[in-house]
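Please examine the fold shown below before reading on.

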Amino acid sequence: MNKGDGDMLKALYLNCSLKKGSEPSNTESLMRQSQKHLENEGVQTEEIRISDYNLAFGMAEDLGRGDEWPLILKKIAEADIVVIGTPLWLGEKSSIAALVMERLYASSSETNEKGQSIYYNKVGGVAVTGNEDGAKEASRSILYGLQHIGFLIPPNADVYWVGEAGPGPSYMEAGKENAFTIKNTRTMSMNLVHLARLLNEHPIPAAGNTL
């Protein structure tokens, strides 16, 4: 069902930092730059830190015993745009980001009212922070996974910042003024909104796209 003229698009930012909610997060700092662009376009945004939730390992919508993934999945179901943010460790996306992708995949056979995957007509993006290398590898892994389960990915849907080789300043310390990251953050954000608006008016038809 298309949103009415008075309904705002919703964007959900999933912060897959290993840090708990009270700790400063470089990934959160970068995602907030994107959130500002979306809010300027009239999009309602929310960021949640996955480490503050109890997520079980496994391939089911609800694994019981206090599994809080259903709470997150409900927010994803209500969102038009989903951005996954991850730090880099050993050149890879975080273990939490990998867990989120697995839990998303576990629900990809659930259907909407048209018989399509519940992720159809949602737009996906990714934000990455860290030192040295791995941003493109992490982005490629996440964006492939999102499109494979039904999300649509606009052009330039990844934004990242990485520091120099070896230990050094973080994004919050040294990356906020990086012209490349600033430009790409705006590009990604605007493309996310543009595609979400197009899908709101012209959703993917059910023909040939049902489970």
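**Backbone, core and pocket**

R65 is exposed, with a relative accessible area of 88%; here exposed means over 50% relative accessible area, buried under 20%, and partly exposed in between, computed with a 1.4 Å probe on protein chains only. The model is a predicted one, in which local features need pLDDT of at least 70 and side-chain atom pairs count only at pLDDT 80 or more, whereas totals for chains, interfaces and linings use all residues. Residues are numbered from 1 along each chain as its sequence is written, and side-chain values use heavy atoms, with hydrogens and water left out.

R65 belongs to the loop between β2 (44–49) and α2, where helices (H or I, at least four residues) and strands (E, at least two) are DSSP runs numbered from the N terminus. Its phi is near 55°, a positive value in a residue other than glycine. L90, in the loop between β3 and β4 (92–93), also is not a glycine and has a positive phi of about 55°. L90 is exposed, with a relative accessible area of 88%.

In α2, the buried residues are W69, I72, L73 and I76. Seen down the axis of α2, these residues fall within an arc of 100°, so they line one face of the helix; the arc is that of the directions from the helix axis to the C-beta atoms. They pack against β1, β2, β3 and α3, with contact meaning heavy atoms within 4.5 Å.

A nonpolar core is a set of buried Ala, Val, Leu, Ile, Met, Phe, Trp, Tyr and Cys residues joined through side-chain atoms within 4.5 Å. The largest has 32 residues, of which L14, I50, I76, I84, V100 and L104 touch the most other members. Elements that each supply at least two residues of this core include β1 (10–15), α2 (69–78) and β3 (81–89). The largest share, six residues, comes from α3. A second, separate core of 21 residues includes V83, V159, L192 and L195.

The second largest pocket has a volume of about 370 Å³. On a 1 Å grid over the protein atoms alone, a pocket is an open set of points where a 1.4 Å probe fits, with protein on both sides within 12 Å along at least five of seven lines, and lining residues have an atom within 4 Å of a point. Of its 22 lining residues, the closest to the centre are P87, L88, W89, G130 and N131.

Conventions: Grid points are joined across faces, edges and corners, and a volume is the space filled by probe spheres set on the points.
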